[in-house]
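Work through the exercises below with the sequence and the 3D view open. Each task is followed by a solution in steps.

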Amino acid sequence: MNIYHVTREFDTFLKRENLSGYKDRIDSILEIYRERPGGLIPVLQQVQEHIKYLPPVVQHYIAMGLGVPSSDVYGVVSFYSFFTMKPRGRHLVRACLGTACYVKGIQRVIDKIETGFNLKMGGTSEDRRFTLQGVRCLGACGLAPVVMVDDDTLGEVDPSKIVKLLEKYE
Ligand code: FES
């Protein structure tokens, strides 16, 4: 793919996602790191902060902007778990899958979240409101079952109340 095609596809992507306002910002991030060795990871972090995920179209644009092969960008994005190629929700819901939470019924909480917001574990609701992840012990076993929503810890979660609790996160 040549520069023209990569840029056109990136512009189309931004437009479709309503993110065109970030184009200048991304260009200036690329400009800052172009000549810097080791600049790829900070660029990916900053771009993901703005547009929330790094699909191939974005990876190609970053590769072109930094003058590195797309395969290098893909290698880093797929290696580190904090980078994602899939869109994430505005809120990250982490359900604890540790032993204490399991014994105290986290699965029933998860079932309610999945049906209440029509998403699957590891997935994102269609309106991109929530992404649901299962995680290992969150270190609050005394409060099991535990769910974290962004930075908020919800303890002793009653499955019948979880949907209502999540409703306040727009
Ligand atoms: S097992 Fe869930 S917080 Fe420890």
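**Exercise 1.** Which side chain meets that of arginine 129 in a salt bridge?

*Solution.* The model is predicted, so local features need pLDDT of at least 70, side-chain atom pairs count only at pLDDT 80 or more, and totals for chains, interfaces and linings use all residues. Residues are numbered from 1 along each chain as its sequence is written, and side-chain values use heavy atoms, with hydrogens and water left out.

Step 1. Apply the rule: a salt bridge is a side-chain nitrogen of Lys or Arg within 4 Å of a carboxyl oxygen of Asp or Glu. Side chains of opposite charge can pair when their charged atoms come close.

Step 2. The partner of arginine 129 is glutamate 167, at 3.4 Å from N to O.

Step 3. Arginine 129 is in the loop between α7 (106-117) and β2 (130-135), while glutamate 167 is in helix α8 (residues 162-167), so the bridge ties together parts 38 residues apart in sequence.

Step 4. Check accessibility: buried means under 20% relative accessible area, exposed over 50%, and partly exposed in between (1.4 Å probe, protein chains only). Arginine 129 is buried at 10%, and glutamate 167 is partly exposed at 39%.

**Exercise 2.** Find the salt bridge of lysine 23 with aspartate 11 and say which helices hold the two residues.

*Solution.* Step 1. The closest N and O atoms of lysine 23 and aspartate 11 are 3.4 Å apart.

Step 1. Lysine 23 belongs to helix α2 (residues 23-33) and aspartate 11 to helix α1 (residues 3-16), so this pair links parts that are 12 residues apart in sequence.

Step 2. Lysine 23 is buried, at 17% relative accessible area, whereas aspartate 11 is partly exposed, at 31%.

Step 3. The count for the structure comes to 7 salt bridges. Another of them joins glutamate 31 and arginine 34, at 3.2 Å from N to O. Glutamate 31 is exposed at 52%, and arginine 34 is partly exposed at 33%.

**Exercise 3.** How many aromatic pairs does a search of the whole structure find?

*Solution.* Step 1. Rings of Phe, Tyr and Trp (its six-membered ring) pair if their centres lie within 6.5 Å; planes under 30 degrees apart count as stacked, over 60 as edge-to-face and the rest as tilted.

Step 1. The search finds 7 aromatic pairs. Among them is the edge-to-face pair of tyrosine 80 and phenylalanine 83, with 6.3 Å from centre to centre and 85° between the planes.

Step 2. Tyrosine 80 is partly exposed at 30%, but phenylalanine 83 is buried at 6%.

Step 3. Both belong to one aromatic cluster, formed by Phe79, Tyr80, Phe82 and Phe83.

**Exercise 4.** Is glutamine 48 buried or exposed, and what does glutamine 48 touch?

*Solution.* Step 1. Glutamine 48 is in helix α3 (residues 40-51).

Step 1. With a relative accessible area of 12%, glutamine 48 is buried.

Step 2. Contact means heavy atoms within 4.5 Å. Not counting residues up to four places away in sequence, glutamine 48 touches Tyr53, Leu54, Phe82, Phe83, Thr84 and Arg88.

**Exercise 5.** How many disulfides does the structure hold?

*Solution.* Step 1. A disulfide is a pair of cysteine sulfur atoms within 2.5 Å.

Step 1. The structure holds 0 disulfides.

Step 2. Cysteine 137 is partly exposed at 45%, and cysteine 141 is partly exposed at 42%.

Methods
Helix = DSSP H or I, 4+ residues; strand = E, 2+ residues; numbered from the N terminus.
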